[in-house]
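These are my notes from one sitting with this structure. I began with the open space and then turned to the packing and to single residues.

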Amino acid sequence: MNLEQLFLDNKEKTIEGRYLTLESIEPILKRINTDNQLSVIGKSVQGRPIYKYVIGTGKTKIYLWSQMHGNESTTTKALFDFLNVLHNGSDLAKDLLANFTFCCLPMLNPDGATLYTRANANEIDLNRDSQDLTQPESKVLRAVFEDFKPDFCYNLHDQRTIFGVADTGKPATVSFLAPSYNEEREINDSRQKAINLIAGMNAVLQEFIPGQIGRFDDSFNINCIGDTFQYLGVPTILFEAGHFSGDYQREITRKYVFMALVSSFTILSENVIEVNRTEDYLNIPQNKVVFYDFIYKKIKINYDGIEKITNFAAQYKEELVDGAIHFNAYIAKLDELEGFFGHEVYDAQGAAYEDEEGNVPKLDQKANFCLDKKLKFVNGLIKK
């Protein structure tokens, strides 16, 4: 199977970028509602509909949800790319529809999506509400789980640009987790199936982005939905869509999430997850917070007449302004940067720092400055 071509042929071209709202996806849902597969199964805090889309007639039931966190849209895009595959009439589509029944909640948190926030409109993190079920969105997710009785759960998320693959200096473009079901992080039959499936997806992705797949921390937290569903005996896989060099809109990462989804269903349909692949899974390096968006090295600063060569880092904040996401760079770390990498690294070779406020970078100020009075940086980048 040519996964690159499959993606190109089925990419949903009406959605792109980071800001994905209910208004972005409703036209797609209505277009692919070819046989009454679409229904509204609840409302958000602010009264927006939460959609369920069910397709396929197969015995193996797959439950997928995305944008539980409203500002995590990459996996939503990849999910629609995959749904396009199911509608393309190919032999692959026919096989998938015959082998699986897919139940999708493509935007669990439509209020957070509009606000571009992790939390819902009540400022509650839905991924910490799996036990108390205080929020309408959490109740919908759990009710569908109880009614659909899935064989596998796919918990689809994004992670920030700060995550790398251990200490390799490579970004964690896609990360996975087979959540724990108890404090001891033991492996039972349910978790073993998730582990084996992740090992299979990792093997496929390594052909495309070698060394850029991470393994998320498996500390047990029963308040997290993945841990809860694993505890309840359903193999659950956490997807984390991360950074690919230069891809702040996550259009490249989107492709690799799509590849992982397709590969996972191929693996399941071929029933090759029964072999114990725990060692392969544990050999996937862990996610680690090791990145800043910008690192500036060997900067000369003047502390009250005393010159010093130092380093500092800047990080983007994603800010919603007039219906668009703006990536605004702020100074995030001063001096000690040992063990950290930058997605962009500038070696100033001793050039003197200066900004509108003085000669010393300060935490949380915009990354606008000059070096040696001639090289100007605006929003973290060299001004051309």
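This is a predicted model: local features need pLDDT of at least 70, side-chain atom pairs count only at pLDDT 80 or more; totals for chains, interfaces and linings use all residues.

**Entry 1, largest pocket.** I looked up the lining of the largest pocket by class and found 14 nonpolar, 11 polar and 15 charged residues. Here Ala, Val, Leu, Ile, Met, Phe, Trp, Tyr, Cys and Pro count as nonpolar, Asp, Glu, Lys and Arg as charged, and the others, Gly among them, as polar. The space in this pocket is about 850 Å³. Of its 40 lining residues, E72, R118, D158, Q159 and R160 are the closest to the centre. Two or more lining residues come from each of β5 (152-158), α8 (225-231), β9 (236-241), β12 and β13 (324-334).

Residues are numbered from 1 along each chain as its sequence is written, and side-chain values use heavy atoms, with hydrogens and water left out.

For the spaces, a 1 Å grid over the protein atoms alone is used: a cavity is a set of points where a 1.4 Å probe fits but cannot get out, a pocket is an open set with protein on both sides within 12 Å along at least five of seven lines, and lining residues have an atom within 4 Å of a point. Points are joined across faces, edges and corners, and a volume is the space filled by probe spheres set on them. Helices (H or I, at least four residues) and strands (E, at least two) are DSSP runs, numbered from the N terminus.

**Entry 3, cavity.** I searched the whole structure and got one cavity of 30 Å³ or more. The lining of the largest cavity consists of I301, Y303, T310, N311, F312, L334, D335, V360 and P361. Strand β12 gives the most to this lining, with three residues.

A nonpolar core is a set of buried Ala, Val, Leu, Ile, Met, Phe, Trp, Tyr and Cys residues joined through side-chain atoms within 4.5 Å. The largest one has 60 residues, of which F102, Y154 and F265 touch the most other members. Helix α9 (residues 251-269) gives the most to this core, with 10 residues. A second, separate core of 21 residues includes A314, F327, L371 and F377.

I found E318 in strand β12. Why does E318 count as partly exposed? The reason is its relative accessibility of 33%, since buried means under 20% relative accessible area, exposed over 50%, and partly exposed in between (1.4 Å probe, protein chains only). The side chain of E318 makes polar contacts with the side chains of R18 (3.3 Å) and Y116 (2.5 Å). A polar contact is a pair of N or O atoms within 3.5 Å; within protein, one must be able to donate a hydrogen and the other to accept it, and residues adjacent in sequence count only if both atoms are side-chain atoms.

T75 is in helix α3 (residues 74-86) and is buried, because its relative accessible area is 0%. Beyond four places in sequence, T75 is in contact (heavy atoms within 4.5 Å) with residues including S66, L156 and D158. T173 lies in the loop between β6 (163-165) and β7 (174-177), and T173 is buried at 0%. I also noted a polar contact of 2.7 Å between the side chains of T173 and Q212.
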